[in-house]
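Have a go at each task before you read its solution.

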Amino acid sequence: MKLEKAMPTNTLGYWATIAVQKHFEKTIKYEQDVLEDRDPEALHQMRVGMRRLRSAVKGFAPALHLPKAAREKQIGKISRSLGMLRDLDVLLEAIETRYQPALPKKEKATLKKALELLAEERRHAFRVVSSTLKENRYLSFKEKLSAWLENPRYEAMAQFPIQEVLPDLLLPEVSTLFLHPGWTIGVNWKDGKMEIENLSPEAVEKKFAKQGEVLHDLRKQVKRVRYQMNLFTEFYGSAFAEYVDDMKSIQDILGNMQDSVVLAETLTDVFQSNLAKQLPTLAEKLGETRYEFWLNWQPLHQKYMKAETRTAFRAELLHPIPVVEE
């Protein structure tokens, strides 16, 4: 059933349209700056806009009848090309501002060669982004979604009062988060009781070597939950906002850990040899960074492994604040 009428302001369809429009406008706002490569921040903001738009399209999918060119899969393809360039910007910034100044002279000279190669990779990644923003997929995405916003079409679910369906939209992603195997890294069970391990730097390195990808995937799921929750902050109170803040903190901490791993792997590929041999001081500092953020992760890890935290989180999602229809 396809509906083409204005939705009352208390409905799922109304709020779905508001979210899609907000994040679409933010995305295209930075397009020209990205094409001119003026400022890495413009690329970051456009990528964030794309990610949040994708989250809105996915989160509100039961209510929306979108053109094919503006659906989640197409948005994801565009976003991935932006992501490749943004990841290189993050790596280059980390090397130049956080790590390079603290290296001995010999390692700075060695690292300079790597920076030149990474700069060439970035030039290639920018050409890909530039091509993406000029090709038919992106142009069709903009055209079709702009037209849809002028005359939105909905599925029948769009007519439901938003308070009635919010828990059903939010709980599946949160349940997936709580069941993620990443929570079990660094955890022991003894006589039915959970204990968070007090790991040494060496033990943390071993964990990353074996299970780093699992932690990285946990971060991705945290991000999905955070972006989805951000769509609905107007319908909940301060406790909900605190959970969103926690999701951001977890995402940032796990992201910083992952960035140090990616940097080490990237430089290993560049030099085609063990990083500790080529840049021993840098390799040591990357390990210190991982351990620093591992320690920052522990309070939040412990908090969200507690049954009472998870129960309270779920309960909060069940009770959105009523909105008055205008």
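Reading from the N terminus, the elements of the protein go α-α-α-α-α-α-α-β-β-α-α-α-α-α. That gives 12 helices and two strands. Keep in mind that this is a predicted model.

**Exercise 1.** Find which residues form salt bridges with Glu 120.

*Solution.* Start with Arg 123: its salt bridge with Glu 120 has the closest N and O atoms 2.9 Å apart. Both residues sit in helix α5 (residues 105-132), three residues apart, or about one turn of the helix.

**Exercise 2.** Work out whether Glu 120, Arg 123 and Arg 127 are buried or partly exposed.

*Solution.* Buried means under 20% relative accessible area, and exposed means over 50%. Glu 120 has 36%, so call it partly exposed. Arg 123 at 43% is partly exposed, and Arg 127 at 47% is partly exposed too.

**Exercise 3.** Work out which parts of the chain the salt bridge between Arg 290 and Glu 205 ties together.

*Solution.* First, the distance: the closest N and O atoms of Arg 290 and Glu 205 are 3.0 Å apart. Now place the partners: Arg 290 is in helix α11 (residues 280-305) and Glu 205 in helix α8 (residues 201-230), so the pair links parts 85 residues apart in sequence. Last, check the accessibility: Arg 290 is buried at 8%, whereas Glu 205 is partly exposed at 30%.

Methods: Residues numbered from 1 in each chain as written. Predicted model: local features only at pLDDT ≥ 70, side-chain atom pairs only at ≥ 80, totals over all residues. Heavy atoms only, no water. Helix = DSSP H or I, 4+ residues; strand = E, 2+ residues; numbered from the N terminus. Salt bridge = Lys/Arg side-chain N within 4 Å of Asp/Glu carboxyl O. Buried < 20%, exposed > 50% of the residue type's maximum accessible area, 1.4 Å probe, protein only.
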